[in-house]
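Work through the exercises below with the sequence and the 3D structure at hand. Each task is followed by a worked solution.

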Amino acid sequence: MAAPASVPDDLALAERLVRFGRSCGADEIEVGIGDGEEFSVDVRMGQIENLIEAGSRGAGIRVIKDQRTAYASSSDLSPEALERLIRGAVRRAELSQPDPFASLADLSPVRIDAASLDIFDPEIEALPAETKIKLALETERIALADRRITNSHGAGFSSHIARTALASSNGFAGAYAKTFCGLGVGLQAGDTDHLVEEDWHSSRIFFRDLESPEAIARTAIERTVRQLHPRRIGTRRVPVVFEPPMTASLLGFLFGCVSGTAVYQRSTFLADQLGRKIGRDGLTVIDDGLMPRRIGTGPFDAEGIPAQRTVVLENGVLKRFLCNTYASRKLGLPVTGNADGGGVGPNNFYLEPGPHDPAAILRSCDQALLLTRTLGHGLNPVTGDISRGAFGLWIEKGAIVHPVSEITIAGNLGEILRNIEMIGSDLEFRGAICGPTIKVAEMLVAGN
Amino acid sequence: MIGPSLPFDIERRFGLDARALVSALEAALATGGDFAEAFLEYREYRSAFMEEDILKDTSESFSLGLGLRVWSGETTGYGYTNDLSPDKILRTARSAAAVAASGRAFPAARLVPRPGGADVYRVERPPDKAPFEAKIALVRAAYEACRGFSPLIEKVKASIQDQIQYVAIANSEGLLAADVRPLVRLTCVGIAQRNGLRESGYSGGGGRVGLEHFEGSASPEAIGREAAREAVDLLDARDAPAGVMPVVLAAGHAGVLIHEAVGHLLEADFNRRKTSIFWNKAGKKVGTPEVTIYDDPTIPASRGSYAIDDEGTIPRKTLLIEKGVVRGLLQDKLSAKLMGRTLTGHGRRQDYTDYPIPRMANTYIDRGEHDPAEIIRSVRKGLYAERFTGGQVEDSGQFTFSVSSGRLIEEGRLTAPVKQATLVGSNVDILRKIEMVGSDLAFGLPTGTCSKEGQDVPVNDGCPTLKISAMTVGGK
């Protein structure tokens, strides 16, 4: 492949385009340039199925003129195309209505040194394709060697090098590079009409932080076969224990409900709850863009606001909504460094771990559902209502007795936050949103 | 060398010489691959968005790129670039060719332009050529109709998105085909509030159509009012019941259930890999005789339609299940080759950065014999599911989908409105439980997008009123 454009080149281009936009009449202009190199390999049944190796660049532009906003983007980075795009955007701004809150971010005096965040692994750049292919093959081979596994969805390794440059007419200019890599496998067990399936993967910034093929395969096997021979259960209200990936999914829903964008749009049930106690004591949720080597870390957000650590919930009290500049002006609340595209996105958004060993949480349950997986879209941020298809393991007298299927769980995020009885000590930063095992006092589990 | 039968001038649109494509295909086969294909794409995308009583912003985006794939046996090598210089195209071809290692080079056949399939696009006023002002007027009309529907409406969001996608496919078998695909959608979300209780409603319209589409029954006013009506009605809805009960699915929107519960598992890749529960059921009975399912990419103006698929195949209406018996699969070139089947024209991709995989287009259950009113009368106690927010399925056949609004059925009559329920089941089971199929086939809102393996493509789905004898319903 051709040598990719370097970060300083992209930043110089972004700054030049900002000057060009100003000369075309934009009051304010922000230009982001992204440059990515992708490698991914999928293997299945010991053979390479797909191998992708590619690179691409793109520019995203925001123009404000007389408080009127226009956006533009292009994957054609020729000077003619970009200049035409910017001239078009400046003209198009007139079509929008003046919005007194429309403005680029204020320039912050804080600058975060990307190097201090440790989000670029030079080893990924140098990693030969053969090594990556071997890791995927090895992961699947270990999984398929287990006789209980009857089919494979395949294993995959992927790596990504992303370079971001951002310049803005408020004087901001910054650039950084970030790496990602991931390894995972998907498995099936059981016969054709009674299949169960599950996958497991590891994603990290640093290659050497990835879980081993052995560890990934073992976890995937265990998580797949434990679902074999499920029983159905009757509809009832019981405590529900969330495994860490399920807590992460619940936190993803919470993130959408504390997003400043949702708050000013009144599309979250938490819109009027700032400063109120909405959860149990001990419930503390943080968004932190400064944690070295974590997936959600970066020196600045999509508007050039420096990364920070924001306490969202502290001991159950709702302390902050996560705001980009627009939501912050609209709501009169501080910006939090969460700008992402036109909206708000998580940095490292997590629930602080509690004192309980996850095994002890299970032992505390007389009768409960251990929630292992959900399917579907039944999350309503306007009401906080949750209704999803679910898979899990049934717990009797503190021990797992059998898997359950064809059930749904239903509840309300507001009620769940008030009813989290126990928080596990097992927080692991597996993605940008994560949490430990939790036990919710009661939810409706619908079955037979 | 590019003939007049293609819908646009490829060399001009992509700014390249067709000889560069031939060289790329040859370079892609130089290491021993047995098939190579170039996919060129240019897309213009525009949108306008209104909220808070303000036309907030407009957006315009251009993307241009080339994807190159090479097969060597069952292995696919793929590369893409958005730099279409001959040098960069060659490099991309060589990187895609790295998967092949037999060293036996095949010559690429001479490219022969091939006319497209049926004209499935219905455009009088092309959205990409229309002034932005015309599209903004539609957004504003939908917004204001939603806002004005009731004093209970607290917030409204409305937007229009249109795109025009130029694609060209050249492969080492000599195929050269092209397509120009229009797509537009106008959507509106309303949030109603009463005594602190908030509910949201959604509606939309569009398809492979021009702006004249919004002059008829899909007027922006109708779209805005429908979003408001749903939000306001939900304020009076009670929580859905939970448990196992008969479920009647309303015609149209419930097509998403067919898409999730059946359609995905009839995509050929899952069957070739034997991960779909249908892989060994060709010709076998899996459902009641009431059930006949098609996928038809050639329905004029429909959101999921196309004149050629993303591999250059002319698509055809494909019978998937006939009177409960599995009759066909949705094929792309790779699966069709490996399974020894004929192509159906369902190889689709999100954009040039993705290789094609088998996808649905417009999936539906065919009409049956029953009067919809008779179907409702046959239920003593159950759920009538009207509107849906989406669903998900896994290969094992377990699926779930979310009902946003519906009614209770009591003694054969529709009674109290209910909200937020989740239906779960396994498709083997549900196909055997479809007891009655109505005569009122309809399609859902033409705004849907299907995700598979990280690739989003526009789709549509439909069904008549359906009765499922028993289904697990999870309430709130």
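**Exercise 1: the contact between the chains**

Task: find how many residues of chain B and of chain A take part in the contact.

Solution. The contact takes 69 residues from chain B and 61 residues from chain A; two residues are in contact if their C-beta atoms, placed from the backbone, lie within 7 Å. On the side of chain B that touches chain A, the largest share, twelve residues, comes from S2(B). Strands (E, at least two residues) and helices (H or I, at least four) are DSSP runs, numbered from the N terminus. S2(B) pairs with strand S3 (residues 68–74) of chain A in the parallel sense over six bridges; pairing requires that DSSP finds at least two bridges between two strands. In S2(B), B:Ser59 is the bridge partner of A:Tyr71.

The model is predicted: local features need pLDDT of at least 70, side-chain atom pairs count only at pLDDT 80 or more, and totals for chains, interfaces and linings use all residues. Residues are numbered from 1 along each chain as its sequence is written, while chains are lettered from A and ligands numbered from 1 in the order in which they are written.
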